[in-house]
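Biologist: I have a structure to understand and some questions to ask. Shall we go through them one by one?

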2 protein chains.
Amino acid sequence: MPRKNTRKNAFYAQSGGVTAVINASACGVIETARRHKARIGTVYAGRNGILGALDEEMIDTGKESAKAIAALRHTPGGAFGSARYKLKGLEENRAEYERLIEVFRAHDIGYFFYNGGGDSADTCLKVSQLGARMGYPIVAIHVPKTVDNDLPITDTCPGFGSVAKYVAVSTREAALDVASMSKTSTKVFILEVMGRHAGWIAAAAGLAGEKAGDPPHIILFPEIPFDRAAFLKKVSDSVSRHDYCVVVVSEGARNPDGRFLADAGTTDAFGHKQLGGVATVVADMVRSELKLKYHYAIADYLQRSARHIASKTDVEQAYAVGRAAVELALKGENAVMATIVRKADRPYRWAIGKAPLAKVANQEKMMPRRFITPDGFGITAAARRYLAPLVQGEAYPPYRNGLPDYVALRNVPVAKKLPARRK
Amino acid sequence: MPRKNTRKNAFYAQSGGVTAVINASACGVIETARRHKARIGTVYAGRNGILGALDEEMIDTGKESAKAIAALRHTPGGAFGSARYKLKGLEENRAEYERLIEVFRAHDIGYFFYNGGGDSADTCLKVSQLGARMGYPIVAIHVPKTVDNDLPITDTCPGFGSVAKYVAVSTREAALDVASMSKTSTKVFILEVMGRHAGWIAAAAGLAGEKAGDPPHIILFPEIPFDRAAFLKKVSDSVSRHDYCVVVVSEGARNPDGRFLADAGTTDAFGHKQLGGVATVVADMVRSELKLKYHYAIADYLQRSARHIASKTDVEQAYAVGRAAVELALKGENAVMATIVRKADRPYRWAIGKAPLAKVANQEKMMPRRFITPDGFGITAAARRYLAPLVQGEAYPPYRNGLPDYVALRNVPVAKKLPARRK
């Protein structure tokens, strides 16, 4: 660990799937580092995540104006590029760690801020151990991020609240549409949302309804084995009662045998495996079994990039964990993740905490069964209590010519000092 | 036509696919009628469009508070229900027209305000002729609405500007996402948008980019026969140059033989015709021919119900044509549609005009070829000049508990006076 009052540069990188607010965390890291110039020199950002360190392809965030850095707070995507890349264990791939140390040393880097999910927390933990294991002292702090909301200990994961808001808003809006059309046209609307392992995002759609009978009428969770007969009956009942039915399906919905519902074994005219989301599979059931007219939407990247409808709470938390990561580092912490701690549900109060990375890495927080109604198709009051605060508030980006004015950084490269990495 | 100073009730109905702003037009009609109580009694809304008149299932909008009617301005969907139902010709189905007259007479209806697209303009025209042909004088004014933007004479169609804004914003956001992921993951992102006959909505995605090389890199229009080789080369070039490629595809994209691209002749494991959007077909090409990782989104109803990101210009125009319809009726006009007249591009200035329904009904305004770049994959400066003003301004709805506070009207039925319709 760098001694107090020893000025070192910092490395910041984004990892895994990006979100509407990961740049707000970057903003929190960079703005906070800039307020501590005696301790932190320059924040170098990895171009395409950790690869930027391995390839010595770093971005000098010091070349960005204060205004540009502030604009990260309202800009979705990953401003420096992200990567899906998990470092292997120290024993399995010692060369990679030696390369990291080589790059860190060449650029006088003493702080490592890593912004990602569970896999990234594992990488961050390994980097924090470089001091003890390989003699290169470095402070490694994890900045949580994932739309999947599956990191342990933290009350929620920055990125999730905004997807939750997008999905709830979209469900409410599309439901008004199909309700208007049902007399002579579409009876069933299906919205496919993300969440391969856990139903957090699908659950958020439940916030669209406020009283019994409100859409969405059916949510299909990865946690509940798909019951075809019960599903079709529920669709049919909803159409009988309301003249329409809104279904939200998680991409991770599974058959009782564990196979993804989306893996329907369908093939095209050439015998290729047919691509297509789970929405298509569900729609086809509605058509063939119930002969009802349907529409479906697949939100995909739209849901996690929709900064225009981000949750203000989420934006603030994303910024706060970025700021906290720097402050934790300056307090002498290492191998921890900044967390969100819930103090109260209504009114919602939260604070920043910390969790040791050893307890975070490679752990998935699943949605509790008590968040799902007994019939498996809806959310409970407990789920609402948990979810509702996370979508609170709007944090609109500025607009120019009718479109959000998102910033494109200059992303000036740091001059390389080393030969290229051996791959 | 009712004589001046003769007070008559009005009938208002929504027709065809609903939009994010059709209720703003309803708001314009009802609020304006309420300011002219000496001439217009009550506005009765058709439950499920014109079916509400045929079945004598009408809603007494007089029972709604001023606040509830004002909230229509920010509520998507069709507040009274819409219908896909086209009246046949007077000679083919005289009984239907006689029933309309019977209902209108029973409820002292002298004004007919019909809110829809091209087919509905035809219905509105037929209703306007009831006076001359069947001795029941009625003033029929059309209120334009369609996300397809394909009505003639009017500069644009209320509903389109908001879809355009949604699609341009979503394209810009998702592009930032895939650009961040492209180094190690997704290289191609495909967004499917509406527009079965014309590429207006797809063209709007082009607003997301501002300079050469900006996403979207490819737009597939219904107007341009799909050239598979040219498309794949363009995807490949974009990935070589930018490391990623954003494709926006209209659901109406067609093969050179005229077949929809979505009609890929694919079947599932049981030999059923495989459902699925055109995005799936395009994605499969990218996978099988270029071996590139892709993601795709299908916006479907989300795009036309997204009141949360409506264009302020569109909301204002939707309200204005509703108001104008009532004012035109009170000026003694009949068989006309309220139109938007463009006075200037930059700064955008517009006014309300009128067009005879005989010139509107059953006409489709196609997108001019000069709006599409010579290579068929992008939009021109002329298209930008036309489109840019239509997405200007934000008109956020109010929020409650983190979600848009959309109004649900009481929709109190008008007491029936007639026996049920013979069907």
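Modeller: In strand 5 of chain B, F113(B) has I141(B) as its bridge partner. This is a predicted model: local features need pLDDT of at least 70, side-chain atom pairs count only at pLDDT 80 or more, and totals for chains, interfaces and linings use all residues. Residues are numbered from 1 along each chain as its sequence is written, while chains are lettered from A and ligands numbered from 1 in the order in which they are written.

Biologist: Which residue in strand 10 of chain B does I141(B) stand opposite?

Modeller: Helices (H or I, at least four residues) and strands (E, at least two) are DSSP runs, numbered from the N terminus. Two strands pair if DSSP finds at least two bridges between them. Six bridges join strand 4 to strand 5 of chain B, and two join strand 5 to strand 10 of chain B, running parallel. In strand 10, the residue opposite I141(B) is V336(B).

Biologist: How many residues of strand 5 of chain B are buried?

Modeller: Buried means that 20 or more other C-beta atoms lie within 10 Å of the residue's own; exposed means 12 or fewer, partly exposed is in between, and C-beta atoms are placed from the backbone. In a regular strand the side chains alternate between the two faces of the sheet. Here V139(B), I141(B) and V143(B) are buried on one side, and A140(B), H142(B) and P144(B) on the other. The number of buried residues in strand 5 of chain B is six of six.

Biologist: How many residues of helix 1 of chain A are buried?

Modeller: Helix 1 of chain A covers residues 22–34 and has 13 residues. Its cover includes strand 1 (8–14), strand 2 (40–46) and helix 12 (312–330) of chain A, among others. The buried residues include I22(A), C27(A) and A33(A). The count of buried residues in helix 1 of chain A is eleven.

Biologist: What kind of axis relates the two copies?

Modeller: Copies are superposed by least squares on the C-alpha atoms of residues with pLDDT of at least 70 in both. Chain B can be laid on chain A with an RMSD of 0.0 Å, by a turn of 180° and a shift of 0.0 Å along the axis. The copies are thus related as by a two-fold rotation axis.

Biologist: Which element of chain B gives the most to the side that touches chain A?

Modeller: The contact takes 71 residues from chain B and 71 residues from chain A. Elements giving two or more residues to the chain B side include helix 10 (278–290) and strand 9 (294–298) of chain B. With 13 residues, the element that gives the most is helix 7 of chain B.

How values were computed: The expected span of a helix is 1.5 Å times one less than its number of residues. Two residues are in contact if their C-beta atoms, placed from the backbone, lie within 7 Å.
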